[in-house]
Amino acid sequence: MSAGAASAATLDHPLWESIDNSVDGAPAGRVRRQRVRVPMRLVSSPHYQDVALSVYVKVKALGLRPEGCQAKSTTIASYLGLSTASVERGMTQLRRPGPDGVVELFSDRRTLPGGTGTSAVRTVRAMTRTEAFVWLPVAAAEDLTPRELRAFALIAYAQARGITLTEAELAAGLRHHSGQKAGQPLSVTAASAVVDEVEAARWVTVQRRAGAQGRHRYIAHDIAPEARPEGGCAAVAGAVEAGVTSGSQESVSSLVGEGSGSPVGEGSLANEESPRTDSPDDEGAFLSPAVGEVPVVEGAGAVENSAAASARAEGGGGLALRAGGNSRPSPSKPETEKRSSRDGGSRRSSYDGPQLAMNPQIYAVLEPVHLLLERVNSDFVVRQIARAVGRQLREGTDAERLHHRLTARFSKVMLSEIRDPGRWLLGVALPRWGCGFQDCEAGVLWSTGKDCEVCAEIVQDKTAARRHAQRIEQGLCPEHGTRPGPGGHCVDCVLDDAIRNPASAPAPAQREPEGPPRGSCGDCGARIVVVGRALEDGLCKLCREEAAALAAASAPAAAPRQAGPVTAEQQTCSGRDGTVPCGRKPLPFRNVCGVHRVQELAGEVA
């Protein structure tokens with residue numbers, strides 16, 4: 001039974017919850033069949049190290065005993081074939097909260113009645129019925145290393161969910177946990193080497209090039225290798241692999257960035273779901289089920305299917321392909337002779353006619369990259385490039401715009417940096433870069449030449465998010481980048497809160513000045529020190545003197561020279577300029593003019 005069938009089964013099924021008492025090593029005559037449910041968060045999260053997964057599987061298996069998991073760290077380490085320090089490191093990580101605050105392992109320490117300590121009782125978290133999980137055999141944790149066990153868990157989960165797993169996706173789930181590359185995923189070559197080790201341990205069967213697009217197909221076994229019958233799954237997998245790989249003798253790892261292809265003698269990689277290759281020498285390849293497809297010969301370029309080609313294919317020229325007619329041509333008979341397959345499908349001979357030509361308009365658009373186009377040695381890739389250009393022209397993209405795009409992008413790279421011209425043209429040069437606005441070309445509007453506002457906002461948002469994450473990592477305020485205070489808020493945040501909510505902000509207390517009390521003049525409003533006569537009348541010195549002068553002018557005259565109010569008969573100043581009487585008009589309510597009033601005030605001050 002595969003891991004997919006076990007995962008799809010009901011959780012409460014008694015077969016999956018059965019307990020095998022041989023978790024600490026299978027004795028003679030016993031088969032290790034116990035499985036445990038493992039949360040996928042332990043497998044997929046980069047927070048947990050590989051050793052934590054192995055420790056979790058073994059502790060949960062031991063916890064299914066009636067007495068629970070009472071094994072010491074040294075005992076668990078001996079079961080898993082690991083060091084005691086590694087097991088304790090995995091337990092420590094499981095006992096601590098994860099990034100989502102979930103704790104997977106709980107440890108209850110015990111002491112004997114005499115005061116002597118003993119091993120702790122360890123239990124795992126009860127899983128919910130809605131969280132993702134994967135069934136893992138306990139024997140796999142004993143036979144495989146922690147990293148191999150994680151790779152096996154990823155393969156088993158993908159198999160249970162019906163997911164086609166690639167080596168690149170498998171490498172993304174395996175990470176370095178120490179050294180300079182800590183936290184980074186493994187390379188594709190390293191992940192392939194891990195899979196080879198799991199396959200050598202007979203826990204996984206790899207059917208090479210048996211999947212879609214020439215990928216490998218992985219089959220995870222859910223019982224120990226010694227429990228599987230001889231010639232069972234391994235024999236079937238070997239037969240399928242022999243038919244797909246055409247006699248490959250050993251398992252080899254693929255190169256970095258090259259998908260599932262092997263580094264030596266395995267032909268070209270598949271670019272689409274087609275059972276035949278691009279080589280015209282491949283006489284044993286299946287014919288494509290596409291109707292009306294024109295064959296490609298060596299040295300030919302991409303071409304648009306013309307009406308003449310379609311008529312030639314339908315007119316009995318041996319070029320028509322029927323859907324599902326996966327028939328092989330017979331090499332023992334002449335290629336020019338037409339033959340019929342068993343199911344009525346037609347066979348065709350190898351194409352030996354004129355070479356296919358590219359559309360002149362498409363070829364003119366590709367003028368900046370003709371040098372790279374000549375280096376593409378696959379007719380299939382050349383046709384894909386031509387179709388990509390034709391698709392964009394049909395969707396309304398100007399030929400001048402495509403020409404400018406290819407020129408600009410080719411000018412930014414060195415020719416020596418382009419290792420695969422076909423992949424670079426399809427993945428870098430031809431695609432449009434920009435936002436969802438069709439007129440946007442790498443952040444610039446093609447019709448106006450102005451900067452795209454949508455792209456500018458996206459760049460600003462990404463910059464702000466990156467700066468926000470950097471400030472949080474550095475322990476600074478995410479908004480202002482300043483160091484927060486003891487209360488957890490920086491000074492700028494406190495000021496912003498006070499501006500947004502002035503009612504909630506505490507009003508600053510009025511500070512009383514030191515010294516004698518102060519007040520305002522009751523007449524002119526000037527600030528004065530309230531001491532002396534100011535305590536009685538509340539006036540400043542000048543206002544007090546003016547009030548006294550007015551009071552004296554309104555009193556009856558005591559002497560001829562005493563100042564008094566100006567009468568109707570007195571129209572000139574009463575002062576004298578030397579010996580001559582002053583002829584100026586007096587001030588209102590005064591008997592002297594302004595000049596003599598100043599002289600009086602100057603004398604009083606003196």
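The model is predicted; local features need pLDDT of at least 70, side-chain atom pairs count only at pLDDT 80 or more, and totals for chains, interfaces and linings use all residues. Residues are numbered from 1 along each chain as its sequence is written, and side-chain values use heavy atoms, with hydrogens and water left out.

The protein has 21 helices and 12 strands. These elements are DSSP runs numbered from the N terminus (helices: H or I, at least four residues; strands: E, at least two). Of its 606 residues, 36% count as buried. Buried means under 20% relative accessible area, exposed over 50%, and partly exposed in between (1.4 Å probe, protein chains only). The protein exposes about 35700 Å². Carbon and sulfur atoms supply 54% of that area. Areas were computed by the Shrake-Rupley method with a 1.4 Å probe; for residues, only the protein chains shown count as cover. Among contacts (heavy atoms within 4.5 Å) between residues at least 6 apart in sequence, 52% join residues at least 24 apart.

Helices α7 (residues 146-161) and α9 (residues 188-200) cross at roughly 90°, and their axes come within 9 Å. Axes are lines fitted to C-alpha atoms, for helices over the stretch in contact, with angles from 0 to 180 degrees between N-to-C directions. The two helices, α7 and α9, are therefore roughly perpendicular (65 to 115 degrees). On α7, the contact is made by Arg-147, Glu-148, Ala-151 and Phe-152. On α9, Val-194, Glu-197 and Val-198 take part.

Three aromatic pairs were counted. Rings of Phe, Tyr and Trp (its six-membered ring) pair if their centres lie within 6.5 Å; planes over 60 degrees apart count as edge-to-face. Phe-133 and Trp-135 form an edge-to-face pair, at 6.2 Å centre to centre and 90° between the planes. Phe-133 is buried, at 13% relative accessible area. Trp-135 is also buried, at 3%.

Most residues other than glycine have a negative phi. Arg-209 has a positive phi of about 60°. Arg-209 is found in the loop between β5 (204-207) and β6 (217-220). It counts as buried, at 19% relative accessibility. Ala-442 has a positive phi of about 55°. Ala-442 lies in the loop between β7 (440-441) and β8 (444-445).

Conventions: Phe/Tyr/Trp six-rings, centres within 6.5 Å; stacked < 30°, edge-to-face > 60°. Parallel < 35°, antiparallel > 145°, perpendicular 65-115°, else oblique.
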